[in-house]
Amino acid sequence: MGLFNNLKKDKKASDHAFNDAENYSDSSEVADVYASQNAGEATVRQREVAPIREDRVEVAAPRSYQEKKPVKHVIGQTKILAIINQKGGVGKSTTAINLSAALGAMNKQVLLVDLDPQGNSSSGLGIEKSTISNCIYDVLLNDVPLEEVIIPDVCNGLDIAPATINLAGAEVELVSEMARENRLKDAVGSMRGKYDFIVIDCPPSLGLLTVNALVAADKLLIPIQCEFYALEGVTKLLDSMKRVKTRLNPTLDIYGVLLTMYDNRTLLSKQVVDEVRGYFGRTVFNTMIPRTVKLSEAPSFGQPITEYDPKGKGSIAYIELAKEVIARG
Ligand SMILES: Nc1ncnc2c1ncn2[C@@H]1O[C@H](COP(=O)(O)OP(=O)(O)OP(=O)(O)O)[C@@H](O)[C@H]1O
Ligand SMILES: [Mg+2]
C-alpha cells in the first residue's frame with residue numbers, strides 16, 4: 001500500500017492531525033459504538049452506587065510525598081520513558097495513564113509526569129487541577145523541587161507530577177532561560193532510584209516541552225493510531241530524536257512503537273499494522289491497544305482502565321503491554 005511513502009510526501013496532511021481521532025465512516029461501526037456507549041452508561045450508573053468508589057476515596061487519602069516510604073532501588077534501574085508523538089489524539093495520554101497504572105498494579109513503583117498543558121493525564125487520574133498550587137510548570141521555571149509537586153498514591157504504586165494550564169506559558173518562558181532543554185532532565189534525574197519507571201506524557205508538538213522530554217528520557221514509546229494518516233509526521237519526530245541524540249542525549253532511542261485504537265473489523269487497521277510493522281520491525285510491541293469505548297469513558301471517572309473496567313479488553317491489553325515493557329527491561 002505504501003502508506004508511509006505517500007504520507008511522507010504529503011506534509012500538509014499533518015494539519016489535519018488534531019481532527020483525526022474519531023474519523024469513523026462505517027455506519028455499522030458507529031452503531032456499535034453507540035451500543036457500547038449505552039452499555040457503558042448502564043455500568044456507570046451501577047458504579048455510582050457501588051462501594052468501590054468509597055474504598056477508592058480511602059486509598060487516595062491525601063498524604064505528602066515526604067511521608068512515602070523510601071523505595072529500595074538501584075539508581076541505574078529506573079527507566080524513564082517518554083510517551084511521544086507530535087500528532088494529536090493518537091492515545092499518548094490514554095497510554096501514559098493506563099500503562100503506568102498497569103505497571104503499578106504489577107508492583108512496580110511508577111511516577112507519571114504530565115508534561116502537557118492540557119493536563120489530560122492529571123484529570124484522567126482524578127486530579128482536580130483547580131486545587132493544585134504547584135505543578136510541573138513550577139518545577140521547570142520556578143525551581144520548585146519535583147518532590148513538592150508529586151501527588152503520591154493516586155493508584156497502586158502510582159504517583160503523579162500533575163500539569164495545569166500554567167504549563168502553557170512554559171513553551172514561551174523557557175526560550176529565554178539558561179539550560180532550557182535540560183530543566184526536566186535535572187528534575188527527574190533526582191528521582192532516579194526512587195521509581196522503577198518514570199513515564200512522561202508529552203504534548204502534541206515538537207516545541208521546547210517535548211525537547212525537554214527528549215533530553216530527560218532514556219527511551220521513547222511512540223503510540224501510533226491505526227488510521228490512514230498513522231505515519232504522518234513520524235519522520236519529523238525521528239529527525240527531532242536524532243538531533244537531540246547527537247547533541248544532548250546520546251543514548252536516546254526508540255523503546256517501542258505501540259499500535260493504538262486497533263479495530264479488527266476494518267481493513268485499514270490491518271493495513272496500518274502491516275505498514276508500521278514493516279517499517280519499525282521488532283520495535284513494535286506485540287500488544288495492540290483495541291479501540292474500545294471503555295478506554296474513552298474511564299478518564300471522566302478519574303480512573304485508569306484497570307480500575308474502571310478491570311476485566312475488559314482495554315484493561316487486558318494494557319496489562320499485556322506492561323508485561324512486555326517489564327520483559328524489555
Ligand atoms: N483505545 C482507545 N479506544 C477508544 N478511544 C480511545 C482509545 N485510546 C484513546 N481514545 C480516545 O481518543 C482520544 C484521544 O486520546 P488521547 O487523549 O489519549 O490522545 P493524545 O495523543 O494524548 O491526545 P493529545 O495529542 O491531544 O494529547 C480521547 O478521547 C481518548 O479517550
Ligand atoms: Mg494527551
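**Exercise 1.** In which sense do strand β1 and β5 pair, and over how many bridges?

*Solution.* Start from the source: this is a predicted model in which local features need pLDDT of at least 70 and side-chain atom pairs count only at pLDDT 80 or more, while totals for chains, interfaces and linings use all residues. Residues are numbered from 1 along each chain as its sequence is written, and chains are lettered from A and ligands numbered from 1 in the order in which they are written. Next, strands are DSSP runs of E with at least two residues, and helices are runs of H or I with at least four, both numbered from the N terminus; two strands pair if DSSP finds at least two bridges between them. Strand β1 (residues 79-83) pairs with β5 in the parallel sense over five bridges, and within β5 the bridge partner of I80 is I198. Strand β2 (residues 110-114) also runs parallel to β5, joined by five bridges, with D201 of β5 as the bridge partner of D114.

**Exercise 2.** Determine which residues of β5 point each way, and whether they are buried or exposed.

*Solution.* A residue is buried if 20 or more other C-beta atoms, placed from the backbone, lie within 10 Å of its own, exposed if 12 or fewer, and partly exposed in between. In a regular strand the side chains alternate between the two faces of the sheet. From β5, F197, V199 and D201 point one way, whereas I198 and I200 point the other way, and all are buried.

**Exercise 3.** Find the element that supplies the largest share of the shell around ligand 1.

*Solution.* The largest share, three residues, comes from α4.
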